[in-house]
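Open the model in your viewer and keep the selection panel at hand.

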Amino acid sequence: MEAIVMSKTGNIETINLPFLDQYKNKIKSSHLKNDKLNIFNSEYLVEDVWRYVINVKNNTIIKKEIKKTIKNSYFSDQLATNAIGSNILLLLESPHRYEYIFPSMKPKAPAQAKTPGGAGGAIDKYIEKVLLSLNNNIPDGTYNLIIANPIQYMCSLYHILPEGKINTNIRDNTWKALWELESIKSDFISRVSKYDPYMVINCCTSELKQFVTTELQRHNINNIFEKDHPAMRWMYEYELKD
């Protein structure tokens, strides 16, 4: 099965996703165009967000919520481009189930699952501990925490396929197919460069993490730290330490 990918500049490309052939007759016509999957475009793109202000002083880290301007987000989010000053960039992987309003598929924001076992809830509960774990690498000061997905489209296809659960093979293979497009990598690096982060915390899922780190390093983006994805992983790590 093929899929249409429209870049932010309007350039249209096609990728091949043969592992989806078995689902071709089970995908809603609203998600198809000329029998090609048609969800990798601006209508389904989840924008990066600025979620917290992080205050660091004397090896103490305190997060504060900001004024909410993204109506559909569960958290107090603004667009990442609104953040002014020093930034800490937390990278996930790609939007998933809770990042969309169902069944309309209207995007919300990154990391929307609100329980401690979900990405958003884990970031809310454990981000101070995660930052403290980075070996005192954060100088005293005030930082904006930006949350972003290297790929801003739903690679798990959770709301598109009839499985009703995440299939990690489908997610990873879709992500890799999109990542091969220069337009996807170029957009990612453009966003990161715009945020000019003091540090990058790469929390991409394990199978895909090195693709992201390698691309960052290729563009001389430094001060990169790798951590597990917050969904489930952070809760187990930091609850056991409490």
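For residue classes, Ala, Val, Leu, Ile, Met, Phe, Trp, Tyr, Cys and Pro count as nonpolar, Asp, Glu, Lys and Arg as charged, and the others, Gly among them, as polar. This is a predicted model: local features need pLDDT of at least 70, side-chain atom pairs count only at pLDDT 80 or more, and totals for chains, interfaces and linings use all residues. Numbering starts from 1 along each chain as its sequence is written, and side-chain values use heavy atoms, with hydrogens and water left out.

**Stop 1: the largest pocket**

The largest pocket holds about 670 Å³ of space. By class, the lining has 10 nonpolar, 12 polar and 9 charged residues.

On a 1 Å grid over the protein atoms alone, a pocket is an open set of points with protein on both sides within 12 Å along at least five of seven lines; a cavity is a set where a 1.4 Å probe fits but cannot get out; lining residues have an atom within 4 Å of a point. Points are joined across faces, edges and corners, and a volume is the space filled by probe spheres set on them.

**Stop 2: the cavity**

How many cavities of 30 Å³ or more does a search of the whole structure find? It finds 1. The largest cavity has about 50 Å³ of space. Select its lining: Ser156, Leu157, Tyr158, Leu161, Glu163, Gly164, Lys165, Asn167 and Ile170. That makes 4 nonpolar, 3 polar and 2 charged residues.

**Stop 3: Gln152**

Select Gln152, in the loop between strand E11 (141-148) and helix H2 (168-179). Helices (H or I, at least four residues) and strands (E, at least two) are DSSP runs, numbered from the N terminus. Is Gln152 buried or exposed? Its relative accessible area is 3%, so Gln152 is buried (under 20%; exposed is over 50%, partly exposed in between; 1.4 Å probe, protein chains only).

Show its contacts (heavy atoms within 4.5 Å). Beyond four places in sequence, Gln152 touches residues including Tyr44, Pro95, Tyr100 and Arg191.

**Stop 4: the sheet**

Colour the 4 strands of the open, mixed sheet, in the order E2-E1-E4-E3. Strands E2 (12-16) and E3 (32-33) are the edges, each pairing on one side only. Pairing requires at least two DSSP bridges. E1 (residues 2-6) and E4 (residues 36-40) pair in the parallel sense over 2 bridges. Finish on Val5, which stands opposite Phe40 in E4.
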